[in-house]
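Please open the structure in your viewer and keep the sequence panel beside it. The stops below say what to select next and what is to be found there.

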Amino acid sequence: MSEKAVFLDADGVLNTAIVIDGKPKAPTNVSALEIPHEVKPALELLKKAGFLLICVTNKPDIERGLMTQEDVDAIYNKMRHKLPLDDVIICYSEFADCYKPKPGMLLAAAKKYFIDLSLSYMIGDRGSDIKAGQNAGCKTIWINRHYPVNPPPDPPADHTVESLLAAVEWILKVGIAK
Ligand SMILES: [Mg+2]
């Protein structure tokens with residue numbers, strides 16, 4: 001039996017990104033973590049439709065000396081507590097196979113949870129998220145947050161929206177149409 005999943009980037013998708021020099025960045029401690037109100041109900045709609053919800057996030061900040069492991073653990077423990085996520089997969093090194101745009105985190109999750117990637121979706125706010133989804137064989141949705149530095153995914157995502165809820169609505173519509 002195979003599962004279907006929605007893979008979700010963290011910063012700029014599940015939590016508010018902190019824009020520095022025009023680019024979206026991660027909160028570096030738990031007190032800076034902000035989860036917009038729309039996120040939990042949007043995820044609950046996907047859960048109800050039978051999707052596994054898996055956060056996949058690049059977190060090179062420890063390697064770069066910007067965060068401690070305790071900071072990362074506190075942020076993602078809180079996120080898992082607040083949101084109906086089935087798993088959070090973190091890639092700590094930009095030199096590793098897990099690092100988006102490489103598809104390692106999605107492939108590992110597929111193996112672990114028996115996920116059919118062709119029935120699954122990747123939602124992200126940056127081109128590297130979309131490319132990771134494409135590299136894994138998922139359908140992709142780009143949330144265009146209109147950051148000052150905001151290159152669109154190339155090749156483009158299957159769908160572009162401006163909110164997580166709009167991404168979820170599209171998935172539910174496409175899912176029903178199948
Ligand atoms: Mg992001």
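For the residue classes used on this tour, Ala, Val, Leu, Ile, Met, Phe, Trp, Tyr, Cys and Pro count as nonpolar, Asp, Glu, Lys and Arg as charged, and the others, Gly among them, as polar. Please keep in mind that this is a predicted model, in which local features need pLDDT of at least 70 and side-chain atom pairs count only at pLDDT 80 or more, while totals for chains, interfaces and linings use all residues. Residues are numbered from 1 along each chain as its sequence is written, and side-chain values use heavy atoms, with hydrogens and water left out.

Select P24, K25, N58, P60 and R126, which are the closest to the centre of the largest pocket among the 21 residues that line it. A pocket is here an open set of points on a 1 Å grid over the protein atoms alone, where a 1.4 Å probe fits and protein lies on both sides within 12 Å along at least five of seven lines; lining residues have an atom within 4 Å of a point. The volume of the largest pocket is about 480 Å³, a volume being the space filled by probe spheres set on the points, which are joined across faces, edges and corners. By class, its lining holds ten charged, seven nonpolar and four polar residues. At least two lining residues come from each of β2 (18-20), β3 (23-25), β4 and α4; these labels are DSSP runs numbered from the N terminus, with helices (H or I) of at least four residues and strands (E) of at least two.

**The sheet**

Next, colour the strands of the open six-stranded sheet, whose order is β5-β4-β1-β6-β7-β8 with parallel pairing; two strands pair if DSSP finds at least two bridges between them. At the edges stand β5 (87-91) and β8 (159-161), each with a single partner strand, so one side of each has no neighbour in the sheet. From one strand to the next, the twist averages 20°.

Now select β1 (residues 5-8), which is joined to the parallel strand β4 (residues 52-58) by four bridges and to β6, also parallel, by three bridges. F7 stands opposite I54 in β4 and opposite M122 in β6, whereas L8 has C55 as its bridge partner in β4 and faces I123 in β6. Are the residues on the two faces of β1 buried or exposed? A5 and F7 on one side and V6 and L8 on the other are all buried, where buried means under 20% relative accessible area, exposed over 50% and partly exposed in between, computed with a 1.4 Å probe on protein chains only.

In a regular strand the side chains alternate between the two faces of the sheet. On β6, Y121 and I123 point one way and M122 and G124 the other, and all are buried. Four bridges pair β6 with β7 in the parallel sense, and G124 stands opposite W142 in β7.

**The loops**

Move to S118, in the loop between α3 (104-113) and β6. S118 is partly exposed, with a relative accessible area of 41%. Leaving aside neighbours within four places in sequence, S118 is in contact (heavy atoms within 4.5 Å) with G137 and with K139. The C-alpha atoms of S118 and A136 are separated by 8.5 Å, although these residues are 18 apart along the chain.

Two cis peptide bonds come next. The bond from K100 to P101 is cis, with omega near 20°, and P101 lies in the loop between β5 and α3. The bond from D154 to P155 is also cis, with omega near 0°, and P155 is in the loop between β7 and β8.

Finish with two backbone angles. D21, in the loop between β2 and β3, is a residue other than glycine with a positive phi near 55°, and at 73% relative accessibility D21 counts as exposed. H146, in the loop between β7 and β8, has a positive phi of about 55° although it is not a glycine; H146 is partly exposed, at a relative accessible area of 49%.

Terms used: Axes are lines fitted to C-alpha atoms, for helices over the stretch in contact, and angles run from 0 to 180 degrees between N-to-C directions.
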